[in-house]
Amino acid sequence: MSPSVITFLDFFGITVFAISGALTAGHKRLDIFGVMVVALITCLGGGTLRDLILDAHPVVWFEHTSYLLAGILAALSTFFVDRLYRIPVRVLEVCDAIGLAFFVMTGLQKALSLGHSPEIALVMGLMTGVAGGIMRDIVCNEIPLIFHKEIYATAAIAGGTLFLVLRHFQVDPDIAMLIGMLTILTLRLTGIFLGLSLPAFLLSEEKKE
Amino acid sequence: MSPSVITFLDFFGITVFAISGALTAGHKRLDIFGVMVVALITCLGGGTLRDLILDAHPVVWFEHTSYLLAGILAALSTFFVDRLYRIPVRVLEVCDAIGLAFFVMTGLQKALSLGHSPEIALVMGLMTGVAGGIMRDIVCNEIPLIFHKEIYATAAIAGGTLFLVLRHFQVDPDIAMLIGMLTILTLRLTGIFLGLSLPAFLLSEEKKE
Amino acid sequence: MSPSVITFLDFFGITVFAISGALTAGHKRLDIFGVMVVALITCLGGGTLRDLILDAHPVVWFEHTSYLLAGILAALSTFFVDRLYRIPVRVLEVCDAIGLAFFVMTGLQKALSLGHSPEIALVMGLMTGVAGGIMRDIVCNEIPLIFHKEIYATAAIAGGTLFLVLRHFQVDPDIAMLIGMLTILTLRLTGIFLGLSLPAFLLSEEKKE
């Protein structure tokens with residue numbers, strides 16, 4: 001896996017997570033700079049935690065200052081677009097799902113490239129993927145998205161594991177990564193859209209519990 | 001203090017904290033992988049934070065991958081046992097108390113073994129003991145246990161200080177540690193069981209405030 | 001900028017943030033050791049996070065154990081004074097504002113002194129300033145202060161940017177820092193006192209949203 005691919009995934013994940021952060025903060029009626037702070041926490045939190053634990057200094061956005069810029073621009077665009085035309089809540093969940101899929105893969109890649117074992121790489125991938133979103137929800141005093149819908153951690157672990165299995169069987173790393181990412185995204189989007197289309201089923205499930 | 005004793009305490013603390021994490025997550029009706037994620041945050045969060053601040057890389061569960069396995073197995077067992085037979089909430093508090101006692105001591109030991117002063121070791125011990133539980137409660141959107149009952153930080157500080165005093169007077173390290181740990185556990189369990197047996201007293205206290 | 005000035009600012013920031021932490025914890029009816037823990041999280045959280053991300057080990061309170069003592073003494077004093085005479089909530093907000101102003105500047109200074117670019121220094125300053133207060137509010141299960149009043153992140157970013165602009169134009173560092181700090185403090189205090197004197201305006205704003 002070339003470093004440029006990791007950079008690209010990081011960049012993309014940062015943009016969508018910044019949008020999700022800006023939307024969550026916007027619904028709390030923060031001013032423009034508050035929205036920017038929450039967006040940066042969301043899009044840089046997971047990668048920063050990953051780099052601290054891997055002792056991979058400088059942290060990712062020190063090395064690539066363009067990441068900061070990407071996060072800020074995405075947050076500002078979201079803020080202004082949301083003023084003109086109210087962005088539906090569903091967009092937040094979809095952005096979060098894309099960010100999850102990208103960040104799980106970059107976390108996995110980075111841990112593997114530093115020579116860690118597959119099981120540690122899986123944990124680092126999971127952490128990179130969920131930490132930013134959890135920080136966003138905690139800082140905004142929301143129940144973390146990871147607990148709203150059933151298929152969240154499941155999606156991340158399934159996609160990450162599939163990637164590691166494919167790599168074990170010598171599948172081309174880029175293809176393995178693409179399959180892993182699509183698995184996470186598909187499972188998570190299924191959760192989002194299925195969860196909303198089957199309210200009765202979920203309600204009866206809840207009663208039963 | 002031999003490294004193997006620290007390893008053993010870490011291992012035990014991880015298991016009971018994983019159980020407490022799994023129980024808290026289970027009461028939120030998370031699916032099996034969500035329960036696993038919360039259990040891992042609970043049982044590895046305190047030690048990870050300690051190692052980051054002490055700059056003691058690799059972090060504890062990178063060095064001992066078996067810790068990860070212990071946490072996951074404890075979480076899964078708890079999840080399945082809890083399906084068959086509803087584990088009472090009291091078990092969660094007792095597991096949290098044991099984890100607190102173990103982790104305060106391992107944090108103290110690790111800081112001292114790296115040559116830090118007793119006051120910094122005390123803070124690191126306290127942090128190792130409470131951080132995982134605080135993360136568990138924050139991530140599950142609960143008021144941290146540390147604020148439920150009165151004797152929580154008090155127990156950790158008392159036990160840690162006693163250990164340091166005993167060491168200062170050349171008491172055998174293993175005995176000092178055992179006494180420190182039992183002090184934390186006794187004080188905390190007293191808090192749990194006394195707090196529940198004296199609701200009227202607590203209520204009148206609250207009114208007075 | 002001499003290191004002794006940074007030390008002085010850190011020291012002062014730690015004291016006011018410890019007071020704000022003790023007041024928040026006090027309102028949750030924690031016992032004296034619980035209050036101390038929350039005060040330490042508030043006053044050391046931001047600087048610790050800054051040092052971890054900058055990889056500037058040992059972290060600030062390992063090097064200056066006196067910081068720990070300052071935080072603990074401030075917390076204890078607040079605890080006992082608050083018993084005798086109920087400290088008004090407004091004091092908490094003012095302490096938080098002073099801590100914000102000091103910590104933004106020390107974070108900026110430290111990042112610049114380690115050779116980082118102005119944009120990264122700005123982010124590190126912002127983080128140092130807001131992280132302790134956010135941790136305090138999260139741990140106490142409160143909506144972070146950063147979201148209560150409109151001019152919070154705005155104040156920190158404005159003061160930090162002004163400092164960087166003044167430094168760019170070769171203004172004496174101490175004067176630049178003083179101006180930056182006063183800017184943050186003035187904007188934040190304006191927010192606190194203006195926000196409370198214009199409730200009707202804010203309500204109509206909210207309705208419009």
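This is a predicted model: local features need pLDDT of at least 70, side-chain atom pairs count only at pLDDT 80 or more; totals for chains, interfaces and linings use all residues.
I began with the secondary structure: chain A has nine helices and zero strands. Reading chain A along the sequence, I get the pattern α-α-α-α-α-α-α-α-α.

**Burial and contacts**

Next I checked burial. Of the 209 residues in chain A, 56% count as buried. Then I looked at how far apart in sequence the contact partners sit. I took contacts in chain A between residues at least 6 apart, and 71% of those join residues at least 24 apart.

**Symmetry**

How does chain A superpose on chain B? I find a rotation of 120° with 0.0 Å of shift along its axis, at an RMSD of 0.0 Å. That is the relation of a three-fold axis. I also asked which surfaces the copies use, and they use different ones: 10% of the contact residues of chain A recur in chain B.

**A against B**

I went to the A/B contact next. Here 20 residues of chain A are in contact with 17 residues of chain B. On the chain A side, the elements giving two or more residues are α2 (32-54), α6 (118-139) and α7 (153-168) of chain A. Which of them gives the largest share? My note says α6(A), with six residues. By residue type, the side of chain A that touches chain B divides into 14 nonpolar, two polar and four charged.

**C against A**

Then I turned to the contact between C and A. I have 21 residues of chain C in contact with 17 residues of chain A. The elements of chain C that put two or more residues into the side touching chain A are α2 (32-54), α6 (118-139) and α7 (153-168). I see that α6(C) gives the most to that side, with seven residues. The side of chain C that touches chain A splits into 15 nonpolar, two polar and four charged residues.

**The core**

Last stop, the nonpolar core. As background, nonpolar side chains tend to be buried together in soluble globular proteins. I wanted to know which residues touch the most other members of the largest nonpolar core. Of its 227 residues, they are Ala39(A), Ala39(B) and Ala39(C).

So what is Ala39(A) in contact with, leaving aside its neighbours within four places in sequence? I list Ala18(A), Gly21(A), Ala22(A) and Ala25(A), and also Gly71(A), Ala74(A) and Ala75(A). Ala39(A) is the residue I'd open the viewer on, given its place among those that touch the most other core members.

How values were computed: Residues are numbered from 1 along each chain as its sequence is written. Chains are lettered from A and ligands numbered from 1 in the order in which they are written. Helices (H or I, at least four residues) and strands (E, at least two) are DSSP runs, numbered from the N terminus. A residue is buried if 20 or more other C-beta atoms lie within 10 Å of its own, exposed if 12 or fewer, and partly exposed in between; C-beta atoms are placed from the backbone. Two residues are in contact if their C-beta atoms, placed from the backbone, lie within 7 Å. Copies are superposed by least squares on the C-alpha atoms of residues with pLDDT of at least 70 in both. Ala, Val, Leu, Ile, Met, Phe, Trp, Tyr, Cys and Pro count as nonpolar, Asp, Glu, Lys and Arg as charged, and the others, Gly among them, as polar. A nonpolar core is a set of buried Ala, Val, Leu, Ile, Met, Phe, Trp, Tyr and Cys residues joined through C-beta atoms within 7 Å.
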